Amino acid sequence: MGVYAVLLSMVIILLMVRKGIDVGLALLAGSAVLVITAPMDLELALQAIWTAVSSAETWELIFVILFIGILGYILEHSGALELMVSKLLPLLGSSRLVLAAIPSLIGLLTVPGGAIISAPMVGQMGDKVEISPEHKTGVNVVFRHIWYFIFPMMSAVIVTAQLAGITPESLVVFNIPTMAVGLLAAWVFMMRTVPKGAAGVNFSVANVGWFALSIMPIFVVLILYLALDVFFPLALVVGILLALVNLPAGEGRLGSRMATSFVSRGRKMILPGISPMMIVVVFGVMVFKEILSASSLVTTLAADMVAAGIPLWLMLTTLPFLVGLATGSHTAAVGVAIPIFLPLLTAESLLPGASLMFASGTLGYMISPLHLCLVLSSKFFTAKLLPTYRYMLPVAATMLAAAVLVSRMRGL
């Protein structure tokens, strides 16, 4: 019954989004469906909702999303994004490479919903080559997350390694074939139809300088957060302040132009950059995750799979994928699956089994309708969620098949 409750709630969410209902409201409706069909005690459901609404993680995420929205709006309307793309194109020599490189680089910023940072730049380049909103969304999400398989600082990599008693490095090395297959699939299914754009590379000092200047507010945010461990919302405030004075227009002394730019952009660009419905989206995601966790539906499903005698490799593929899909969290997927299935693994099958659980959970998370990067990207590009899967599903399916094959060949 548990799996049907989860699937029904996700179908309701997708249908509501397809009908044009805001995704945040659809997620809250899906949470209500989950409470009714689980079924779930009302007091327990209310406690889960309160946990989601009151948690520090939720509010930090809200401020991050709001500040990123303001930063992106300023960069777009100050002309920085257009300059950024126009200078990156000759540096790489291909619009395809630009589209892939932007979310890949920003993907190093491993924060929930971080794809919204690269969305304005992908949108700028996507408009130049005239691809659809759904295509932009797919590119932004897939090329951000495809590198997670070999990124040792990724939380899910660390959690998987700790729970399985292996090193992050061994897991990353084992994941390389799956990631390589994913890159090839992403290029075939998503980039082949994109016009190549610029003809040849023009790696001039001027192009490098202007690109570095245009991207400076984002670069400073990355340095503050990744290298100096500054609180991320605070790092974003610094980025916003830099964006207000960066590339000042007009005539006269630089200081005077920067002051004028600060006042003018602050008055015209900060409030329009705030999207209140993003708050509803965050609450919707967090409430759904808390209710699913409190309902114990996932652990019940795992016990049923073991009791049914399903082949081990299939269990290691199915459960983490479903948890990642249902929660929009790859860390939750491995955190649930590994303790359950670890006793069933031998010394020879430990690394292949852990890698398969990581891969299936990460891919379920990547395409989940609750995945913040997918939700926020589709909202930013005004893309329809279901048609977006036309670009994402072939990549995810190819990578999942590769992960199963590699694990089976290596002893699982």
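Which helices each supply at least two residues of the lining of the second largest cavity? I started my notes with that one, keeping in mind that I'm working on a predicted model.

**Entry 1: the cavity**

I looked up the lining and got my answer: α4 and α7 (115-129) each give at least two residues. The biggest contribution is from α4, with four residues. I wrote down the whole lining as Ile68, Leu71, Gly72, Leu75, Ile116, Ile117, Pro120 and Ile218. Sorted by class, I have seven nonpolar residues, one polar and no charged ones. The volume came out at about 40 Å³. For context, I noted that the model has three cavities of 30 Å³ or more.

**Entry 2: α4 against α14**

Helix α4 covers residues 56-77, and α14 runs over 277-295. Their axes come within 10 Å of each other and cross at roughly 150°. An angle over 145 degrees counts as roughly antiparallel, so I logged α4 as roughly antiparallel to α14. I also jotted down the hand of the α4 and α14 crossing, which is right-handed.

**Entry 3: Leu271**

Next I went to the loop between α13 (254-269) and α14, where I found Leu271. Is Leu271 buried or exposed? I get a relative accessible area of 65% for Leu271, so this residue is exposed, the cut-off being over 50%.

Last, I turned to the pockets. What volume does the second largest pocket have? My note says about 350 Å³. I count 16 residues in its lining, and the ones nearest the centre are Val17, Ile21, Ala383, Lys384 and Leu385. The elements giving two or more residues to this lining are α1 (2-18), α19 (372-380) and α20 (385-409). By class, the pocket lining splits into nine nonpolar, three polar and four charged residues.

Notes. Residues are numbered from 1 along each chain as its sequence is written. This is a predicted model: local features need pLDDT of at least 70, side-chain atom pairs count only at pLDDT 80 or more; totals for chains, interfaces and linings use all residues. Side-chain values use heavy atoms; hydrogens and water are left out. On a 1 Å grid over the protein atoms alone, a cavity is a set of points where a 1.4 Å probe fits but cannot get out, and a pocket is an open set with protein on both sides within 12 Å along at least five of seven lines; lining residues have an atom within 4 Å of a point. Grid points are joined across faces, edges and corners, and a volume is the space filled by probe spheres set on the points. Ala, Val, Leu, Ile, Met, Phe, Trp, Tyr, Cys and Pro count as nonpolar, Asp, Glu, Lys and Arg as charged, and the others, Gly among them, as polar. Buried means under 20% relative accessible area, exposed over 50%, partly exposed in between (1.4 Å probe, protein chains only). Axes are lines fitted to C-alpha atoms, for helices over the stretch in contact, and angles run from 0 to 180 degrees between N-to-C directions. Angles under 35 degrees count as roughly parallel, over 145 as roughly antiparallel, 65 to 115 as roughly perpendicular and the rest as oblique. A crossing is left-handed if the near helix is turned anticlockwise from the far one by less than a right angle, and right-handed if clockwise.
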